[in-house]
Amino acid sequence: MVVLTKPALGKPSSYFCGIPVINLREPGSAAPLVRACEELGFFKVTNHGIPMELISKLEAAAMEFFALPQTDKDRSGPANPFGYGSRCLGGNGDVGWVEYLLMEITSDPAALTFLAQSSANSFRCALKEYVLAVRKLAGEVLEMMAEGLKIEPRDALSRLVMDEESDSMLRVNHYPQCPMLQGLNNQAVTGFGEHTDPQIISVLRSNNTSGLEISLRDGSWVSVLPDRESFFVNVGDSLQVLTNGRFRSVRHRVLANGLQSRVSMIYFGGPPHGERLAPLSLLLGEGEESRYREFTWCEYKTCVYSNMLAHNRLEHFQK
Ligand SMILES: C=C1C[C@]23C[C@@]1(O)CC[C@H]2[C@@]12CC[C@H](O)[C@@](C)(C(=O)O1)[C@H]2[C@@H]3C(=O)O
Ligand SMILES: O=C(O)CCC(=O)C(=O)O
Ligand SMILES: [Fe+2]
C-alpha cells in the first residue's frame with residue numbers, strides 16, 4: 001500500500017479553481033467546452049437535467065451493496081473484467097484502496113445477473129435507469145463538442161456512443177475508510193492510480209468526498225472539489241485520436257483520504273468494437289497528417305488490457 005503525505009484530516013489544502021464549468025442549457029457554451037477539452041481535457045457540467053432522485057437512488061443501492069459482508073460481495077466477482085473487484089485493478093498487478101463493480105452496458109437481459117445479493121433487483125433497476133440518463137447526457141455533451149468544433153453532422157461524435165453496438169460500461173467505485181490511516185492526520189492512500197481513460201468520453205459523479213485529482217499540462221497534480229450534484233467529464237484517449245491530439249486525454253487518479261468513504265460512478269462511452277479510430281477528416285487542416293497510425297477500438301482495447309494502468313498506451317499508435 002502506498003501512503004502519501006497529505007494535509008491534516010486527509011483533505012487537500014486547496015482545490016484547483018480552474019476547472020471549467022459548463023452550463024449545458026446556456027447558449028454559447030460550446031466554445032468554452034471546446035477550450036476546456038483542449039486545455040485540460042476535463043470540465044464540470046451543471047444544469048444536466050438528470051434528477052437528483054435518480055442519482056441518490058443508485059448511490060444508496062451501491063452503498064447498500066458495498067456494506068454487505070465480504071463473502072456476499074465476492075459472490076458477484078471476481079471482476080474479469082466485469083463484476084465485483086476489490087483492491088486489484090485489471091489483471092496486470094495494479095492495486096488500489098478501492099472496491100468496485102464494473103458493468104458492461106448492453107441490451108442483453110442476462111447482463112447484471114452477476115449481482116447476487118437479495119436486493120439485486122432494485123439495484124439493477126436503478127442501474128438501468130441511471131445508464132439511460134447518463135448515456136443521453138454523454139450524447140448531448142458530444143453534440144455540443146461537434147457544434148463547438150464546427151463539424152457536421154451534429155452526431156459525428158455522439159453516434160459512436162449512442163450506437164446499439166457501442167462498447168460502453170458503467171463503473172461504481174467505493175473507496176472505504178482506511179483503518180490504517182485513522183488517527184494519522186497527514187496521510188492519504190492511492191485509491192485508483194494515475195491513468196487516462198481509453199474510451200471517447202467518461203462522465204463521472206461522486207458523493208461529496210474529495211480524492212479525485214487531475215494532471216495539468218505541466219505535470220502537476222491538482223485536487224478537484226467534489227460536487228455531488230454535478231457531473232465531471234474526462235476526454236478519453238479515443239477522443240484525443242479523433243481530434244488528432246487537439247483534445248487532451250486527461251491523466252487522473254484518486255487519493256483516498258481514509259477518513260471518509262468516497263463513492264463514485266463513471267460512465268465510459270466507447271465506440272463499437274470494429275470502429276476505426278482516426279482523426280475526423282473535417283478536423284484535419286490542409287496538408288495536416290494524422291498523428292496516429294490507423295487502428296480499431298478492438299485493437300486498442302487489447303493493448304489497454306495487456307498493459308499496466310499508468311502506461312501511456314497511445315504512444316504505441318503514434319506515428
Ligand atoms: C489495469 C487496468 C484496469 C483497466 C484495464 C487496465 O489493464 C488498464 C486500464 C484500466 C481502465 C481505466 C479506466 C476504466 O476504469 C477501465 C474500465 C478501462 O477501460 O480502462 C479500467 C480497466 C478495468 O478496470 O478493467
Ligand atoms: O473514482 C473516481 O473518482 C475515478 C475513478 C476512475 O478514474 C476510473 O474508474 O477510471
Ligand atoms: Fe479513470
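How do the residues of the shell around ligand 1 divide into nonpolar, polar and charged? There are 10 nonpolar, 5 polar and 4 charged. For the classes, Ala, Val, Leu, Ile, Met, Phe, Trp, Tyr, Cys and Pro count as nonpolar, Asp, Glu, Lys and Arg as charged, and the others, Gly among them, as polar.

Some housekeeping. This is a predicted model, where local features need pLDDT of at least 70, side-chain atom pairs count only at pLDDT 80 or more, and totals for chains, interfaces and linings use all residues. Residues are numbered from 1 along each chain as its sequence is written, chains are lettered from A and ligands numbered from 1 in the order in which they are written, and side-chain values use heavy atoms, with hydrogens and water left out.

Ligand 1, then. Around ligand 1 there are 19 residues, and R171, Q199, V304, Y305 and N307 come nearest; a residue counts if one of its heavy atoms lies within 4 Å of the molecule. The side chain of Y305 has an N or O atom 2.7 Å from an oxygen atom of ligand 1. For the side chain of Q199 the distance to a ligand 1 oxygen is 2.9 Å. N307 takes part through a polar backbone atom, 3.2 Å from an oxygen of ligand 1. On its own, ligand 1 has 480 Å² of accessible area, and the protein covers 98% of that; areas come from the Shrake-Rupley method with a 1.4 Å probe. β5, β6, β7 and α7 each give two or more residues to this shell. Helices (H or I, at least four residues) and strands (E, at least two) are DSSP runs, numbered from the N terminus.

Next, ligand 2. Its shell holds 13 residues, the closest being R171, Y175, H252, R262 and S264. By class they are 6 nonpolar, 4 polar and 3 charged. A polar side-chain atom of Y175 is 2.6 Å from a ligand 2 oxygen. The side chains of N173 and D197 also place an N or O atom by an oxygen of ligand 2, at 3.1 Å for N173 and 3.4 Å for D197. Of the 290 Å² of accessible area that ligand 2 has on its own, the protein covers 98%. β13 provides the largest share of this shell, 4 residues.

Where do the ligands sit? Ligand 1 takes the space of the largest pocket, and ligand 2 sits in the largest pocket. Sitting there requires more than half of a molecule's atoms within 2 Å of the grid points. A pocket, on a 1 Å grid over the protein atoms alone, is an open set of points where a 1.4 Å probe fits, with protein on both sides within 12 Å along at least five of seven lines; lining residues have an atom within 4 Å of a point.

The volume of the largest pocket is about 740 Å³. It is lined by 45 residues, with G90, R171, F192, Y305 and L309 closest to its centre. The lining comprises 22 nonpolar, 15 polar and 8 charged residues, and β4 (83-89) gives the most, 5 residues.

Last, the second largest pocket has about 390 Å³ of space. Among its 20 lining residues, I105, T106, S107, V131 and L132 are closest to the centre. α4 (120-149) supplies the largest share of that lining, 5 residues.

Terms used. Polar contact = N/O pair within 3.5 Å; in protein donor to acceptor, adjacent residues only side chain to side chain. Points joined across faces, edges and corners; volume = space filled by probe spheres on them.
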